[in-house]
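Trainee: Could you walk me through this one? I keep meeting labels and would like to know what stands behind them.
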Amino acid sequence: MTFREYLKEAEWLNEQILEILDKANLMRNNLYGRAVNYENGGTTSGSSADDALGKALAKIMDFEKSADVLIDQLVEKKIVIEKHILKLTDVKLRRILEKKYLLFESNEKIAADLKYSVNHVYKLKNQAIRIIEEVWIQN
C-alpha cells in the first residue's frame, strides 16, 4: 500500500464515522417527544411504545458502537500519518498535510487559511505526498 492509499483509507474512515454519527443523531432527534405522554402524568404510552423506544435506543447505541470501532482505527492511522508528516522539513508542506489528513479540511479551506490558490495547495500537497512516499516505500 502506498502512502497516498493509506491517506485515502483515513479519509474514508472519517467519512464513515461522520455518516454513522449523523444517522445516530438523526434517530435520537426523531425520538424526542415520543416517549412521554403528559396526558397520563408523564408516563410512557404503553408497553408496545416502550418496546419500540427500547429498540430505537438500542439501534442508536449500535450505531455509536460501530463509530467507536472506526474511531479507534482512524486514531491508529492518524498516528502513523502524523509520524510521517513530521518528517517533512518544509513547514509549509507539513502544515498543508496536517490540515488535509489530520483535520480533514478541504483544499478550499486550506487555501483560504493559508492565502494560497486551491491549485497551489493541490500542487504542494502532492509534492509533500511524493516526498513521504519515497520514505514510505523504503520501509
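Mentor: Let's start with the naming: helices (H or I, at least four residues) and strands (E, at least two) are DSSP runs, numbered from the N terminus. Along the sequence, this protein reads α-α-α-α-α, with 5 helices and 0 strands. Mind that it's a predicted model, where local features need pLDDT of at least 70 and side-chain atom pairs count only at pLDDT 80 or more, while totals for chains, interfaces and linings use all residues. Residues are numbered from 1 along each chain as its sequence is written, and side-chain values use heavy atoms, with hydrogens and water left out.

Trainee: How do you know what confidence the predictor has in the protein?

Mentor: From pLDDT, the predictor's confidence in each residue, from 0 to 100. Its mean is 89 here, and 86% of the residues reach 70 or more. Over residues 36-42, though, pLDDT is below 50, and this stretch has 5 contacts (heavy atoms within 4.5 Å) beyond near neighbours in sequence. Where pLDDT is low, the predicted coordinates should not be read in detail.

Trainee: Why is lysine 99 called buried?

Mentor: Buried means under 20% relative accessible area, exposed over 50%, and partly exposed in between (1.4 Å probe, protein chains only). Lysine 99 has 6%, so it counts as buried. Lysine 99 sits in helix α3 (residues 91-101) and, leaving aside residues up to four places away in sequence, touches Phe104, Glu105, Ile110, Asp113 and Leu114.

Trainee: And what makes lysine 115 exposed?

Mentor: Its relative accessibility is 72%, so lysine 115 lands in the exposed class. You'll find lysine 115 in the loop between α4 and α5. Its phi is near 60 degrees, a positive value in a residue other than glycine.

Trainee: Why is α4 called roughly perpendicular to α5?

Mentor: Axes are lines fitted to C-alpha atoms, for helices over the stretch in contact, and angles run from 0 to 180 degrees between N-to-C directions. Angles under 35 degrees count as roughly parallel, over 145 as roughly antiparallel, 65 to 115 as roughly perpendicular and the rest as oblique. The axes of α4 (residues 107-114) and α5 (residues 118-138) come within 8 Å and cross at roughly 105 degrees, so α4 is roughly perpendicular to α5.

Trainee: Which residues in α4 and α5 meet?

Mentor: Asn107, Glu108, Ile110 and Ala111 in α4 meet Val118, Val121, Tyr122 and Lys125 in α5.
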